[in-house]
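Please open the model in your viewer and keep the selection panel at hand for this short tour.

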Amino acid sequence: MSSHVQDLRASLAPLKWSNRFAGLGPDFYTELEPTPLPAPYWVSRNTSLAHELGLDAKWFESPDALSVFTGNTVIEGSQPLASVYSGHQFGQWAGQLGDGRAILLGEIETPGGPQEIQLKGAGMTPYSRMGDGRAVLRSSIREYLCSEAMHGLGIPTTRALCVTGSDARVRREEIETAAVVTRTAPSFIRFGHFEHFSYSEQHDQLKVLADFVIDNFYPDCRAAAKPYAALLQAVSERTAHMVAAWQAVGFCHGVMNTDNMSILGLTIDYGPFQFLDAFDPGHVCNHSDTQGRYAYNKQPNIAYWNLFCLGQALLPLMDDQAEALAALESYKTVFPDALESRMRAKLGLPDRQPGDTALIEDTFKLLAANKVDYTIFWHRLGGFDTAPGREAVRDLFLDRAAYDAWALQYSERTAPVDKGQRADLMHKNNARYVFRNHLGEQAIRAAKLNDFSTVDTLLAVLQSPFEDHRGCEAYAGFPPDWASSIEISCSS
Ligand code: AMP
Ligand code: MG
């Protein structure tokens with residue numbers, strides 16, 4: 001009898017849960033249950049992530065899983081909660097924010113270590129403020145596909161396991177339908193969590209939080225003479241690598257508020273993001289960002305500004321301000337080094353030569369002056385050594401003379417580089433597919449008519465963006481004319 005009960009439980013709850021964040025205590029969160037959605041249905045399941053997490057494939061297709069990932073069933077062993085954080089939004093202190101529509105279920109043991117599982121859009125929490133606790137189908141599909149696209153590109157990010165939908169209506173600029181996206185990450189702690197306890201002068205909790213992050217995610221910092229400064233430095237370095245990766249692929253986050261900055265240096269909270277089409281350094285993807293604070297070319301400095309806020313928040317744990325400033329210094333060297341090495345790889349240059357910084361700057365200038373499609377340029381550059389390949393790159397430029405001058409400089413630089421090595425480097429660093437806005441629009445339009453096949457196809461393509469996908473050539477093409485009229489704002 002007892003073994004029969006156990007079997008039944010295993011089939012309902014095959015995940016092994018632990019809840020380290022919950023162990024921090026009630027100052028850090030509110031326990032609550034998700035609010036169910038009527039008649040949920042699957043929009044898409046990320047079976048490769050499910051496999052990585054060690055989820056049972058059959059269970060992941062089951063009605064039980066659908067119910068769990070919509071927030072309609074609380075799975076045994078999980079301890080759902082919404083965490084409290086604060087933050088700077090668009091440069092201003094915004095006070096308390098918190099998980100207004102995200103509910104952490106807990107963390108599961110996986111072959112790659114513990115992973116937290118969070119439902120986004122699963123109902124109101126004490127931190128919902130004016131919001132309804134919901135996410136719409138449109139923004140959930142965007143987050144789902146973009147986080148997997150970023151992962152496919154090798155960029156640190158939260159992941160997305162599935163999207164479920166419901167016909168429940170949600171009011172935004174117009175009436176839309178509700179969806180829930182299930183996200184995973186080792187931790188969803190943000191800079192804003194630290195700011196929260198610092199600004200409210202809860203310094204004991206601030207220390208508990210910093211110790212938790214060090215012990216679980218930055219264990220090397222524990223051995224440092226000044227562990228909290230070492231933490232700030234390590235976060236600065238991870239953030240520098242993340243932003244360098246964004247710049248290299250032409251990714252604009254759109255809302256780099258401190259509450260949207262992961263303490264693990266992961267890309268988090270996909271809202272009005274955009275991959276650049278034509279290269280425009282000053283591009284602002286967020287329609288609500290009227291000042292252009294989060295323009296593409298401002299992201300590196302904004303990340304530093306955000307790290308400064310984190311440093312400010314950690315001051316109560318440090319001897320003096322100089323300690324924090326010193327810890328932040330490394331960003332100023334790690335970021336340019338990381339960006340340069342990514343750009344060298346895109347150019348197919350395996351080693352570093354004195355003129356490379358100038359060559360990279362010239363490349364950016366040339367692309368900007370000619371408003372060249374960023375992804376297509378880099379992909380075509382992979383064929384630069386063949387006569388037709390060289391023409392295919394040249395065709396992208398209006399100012400052929402400027403291109404020819406650049407191409408001469410580039411061929412001189414690449415002349416001594418082994419062709420095979422260069423081709424390999426370029427293939428691995430110049431994606432054929434990025435998740436452009438118009439691709440999201442196509443998937444969303446079909447999904448609104450209950451056709452989720454484009455979501456699934458795009459997921460498969462974007463998870464291996466460096467490969468060719470037969471039949472999906474159009475996804476690698478130029479954006480259609482209507483793409484430039486897509487307006488994405490904070491409302492999601
Ligand atoms: P975001 O701009 O998406 O990073 O959100 C900023 C803050 O607003 C966070 O505290 C979110 O949890 C909260 N928020 C955003 N949308 C909603 C919503 N629909 N319902 C409740 N809270 C929300
Ligand atoms: Mg956010």
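The stops below go from the chain as a whole to the ligand and its surroundings.

This is a predicted model, in which local features need pLDDT of at least 70 and side-chain atom pairs count only at pLDDT 80 or more, while totals for chains, interfaces and linings use all residues. Residues are numbered from 1 along each chain as its sequence is written, and side-chain values use heavy atoms, with hydrogens and water left out.

Colour the protein chain by pLDDT (the predictor's confidence in each residue, from 0 to 100): the average is 95, and 97% of the residues score at least 70. Then select residues 1–11, where pLDDT stays under 50; where pLDDT is low, the predicted coordinates should not be read in detail.

Next, select ligand 1 and the 17 residues around it, of which G98, G100, R129, G133 and N260 come nearest (a residue is near if one of its heavy atoms lies within 4 Å).

Finally, show the side chain of N260, which places a polar atom 2.9 Å from an oxygen atom of ligand 1, and that of R101, where a polar atom lies 3.2 Å from a nitrogen atom of the ligand.

Key
Chains lettered and ligands numbered in written order. Contact = heavy atoms within 4.5 Å. Polar contact = N/O pair within 3.5 Å; in protein donor to acceptor, adjacent residues only side chain to side chain.
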